[in-house]
Amino acid sequence: MSANPYETPRLLAEYLLLHYGSAEEVLGGKIGPAEAAGFPVRLVRELLAPVGPDATALDVGCAVGASSFELARTCASVLGIDYSHAFIAAATHLRDLGTHPYEKAVEGTLTEPAVATVPPGIERHRLTFEQGDACNLDAHPNSKIQNRKFSVVLAANLLCRLPDPAAFLARLSDLVSPGGQLLLTTPFSWLEEYTPRDRWLGGTPATGRGFDALRARLEPHFTLEHRADIPFLIREHARKFQYGIADGTRWRRR
Ligand SMILES: C[S@@+](CC[C@H](N)C(=O)[O-])C[C@H]1O[C@@H](n2cnc3c(N)ncnc32)[C@H](O)[C@@H]1O
């Protein structure tokens, strides 16, 4: 098993820029799909339906936290969980201090200094970040998750990074309160590096499309309320980007 790429300084910087960079910072003034910047904030604005004043939220695979901070605009408490210790350390630093300096990749080993900043108007004390495994959420003895249900559960671009996505989906009906919301985004980028092929939910002639498999697994407990294409842009360096279009859905727990 190779080392977790989400612990490396390169991906930490990529995700600080993805989560907190403006279109200008991401594209460096070059022509490009500026509307795809700011994915972690945009997906919450697109998918989250109104919540009550005491709403609680769980962001699984929160990375460096920008979607969690956006959820905290309306949710009274937000717990962000990620497998990467480096990402959780950065998210916690942003919660505590509001900013996080990092080095943005330019070309080869050249970088330039950048600062990730939590947007204004967010009550940072509403957030907690914790390292944990989406596939084993109850395992950590200090986890705030044990036996809890949440008004909102978000898993953004997590599904096709898990070794057993079906097991994760099966756990979700217990995690979302009756009447609560499940927000999912995924580009269905199945890769054997992360998920053994026999566990892919879609993307093979035998399984068909990932969305159909998702629907079949969720519909016994959830009703699909909203579906939207949500583009994202990850800058690898000043002249190379990953452009993706996540399939975003909101499911209501019955
Ligand atoms: C493609 S990134 C998406 C991050 C973030 N939600 C976003 O939309 O930018 C996948 C994230 O899932 C995390 N992750 C991978 N496997 C995980 C697991 N088993 N449990 C929790 N998080 C995991 C990675 O560390 C990484 O932060």
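A residue counts as buried if 20 or more other C-beta atoms lie within 10 Å of its own, as exposed if 12 or fewer do, and as partly exposed in between, with C-beta atoms placed from the backbone. By that rule, the buried residues of helix α1 are Leu 12, Ala 13, Glu 14, Tyr 15, Leu 16, Leu 17, Leu 18, His 19 and Tyr 20. Please keep in mind that this is a predicted model, in which local features need pLDDT of at least 70 and side-chain atom pairs count only at pLDDT 80 or more, while totals for chains, interfaces and linings use all residues. Residues are numbered from 1 along each chain as its sequence is written.

**The sheet**

- Helices (H or I, at least four residues) and strands (E, at least two) are DSSP runs, numbered from the N terminus.
- Seven strands make up an open sheet with mixed pairing, in the order β5-β2-β1-β6-β7-β9-β8; two strands pair if DSSP finds at least two bridges between them.
- At the edges are β5 (127-131) and β8 (222-237), each of which pairs on one side only.
- From one strand to the next, the twist averages 15°; axes are lines fitted to C-alpha atoms, for helices over the stretch in contact, and angles run from 0 to 180 degrees between N-to-C directions.
- Strands β6 (residues 150-156) and β7 (residues 176-186) run parallel and are joined by six bridges, with Val 176 of β7 as the bridge partner of Phe 150.
- Helix α6 (residues 165-175) packs on the sheet, where it touches β1 (56-60), β6, β7 and β9 (240-253), and its direction makes about 145° with that of β7. Here, two residues are in contact if their C-beta atoms, placed from the backbone, lie within 7 Å.
- Five bridges pair β1 with β2 in the parallel sense, and Val 60 stands opposite Ile 81 in β2.
- Strand β2 (residues 77-82) is largely enclosed by the rest of the structure, because five of its six residues are buried.

**Helix α1**

**Around the ligand**

- The ligand is surrounded by 19 residues, the closest being Tyr 6, Gly 61, Tyr 83, Ala 134 and Ala 156; a residue is near a molecule if its C-beta atom, placed from the backbone, lies within 6 Å of it.

**Two buried leucines**

- Leu 71 lies in helix α4 (residues 66-71) and is buried, with 29 other C-beta atoms within 10 Å.
- Beyond its neighbours within four places in sequence, Leu 71 is in contact with Val 44, Ala 57, Asp 59, Val 78, Val 152 and Leu 154. The C-alpha atoms of Leu 71 and Val 44 are separated by 6.8 Å, although the two are 27 residues apart along the chain.
- Leu 233 belongs to strand β8 and is buried, with 22 other C-beta atoms within 10 Å.
- Not counting residues up to four places away in sequence, Leu 233 touches Val 26, Pro 33, Ala 36, Ala 37, Phe 241 and Tyr 243.

**Positive phi angles**

- Ala 63, in the loop between β1 and α4, has a phi near 55°, a positive value in a residue other than glycine. Ala 63 counts as buried because it has 28 C-beta neighbours inside 10 Å.
- Phe 188, in the loop between β7 and α7 (210-218), has a positive phi near 50°. Phe 188 is partly exposed, with 18 other C-beta atoms within 10 Å.
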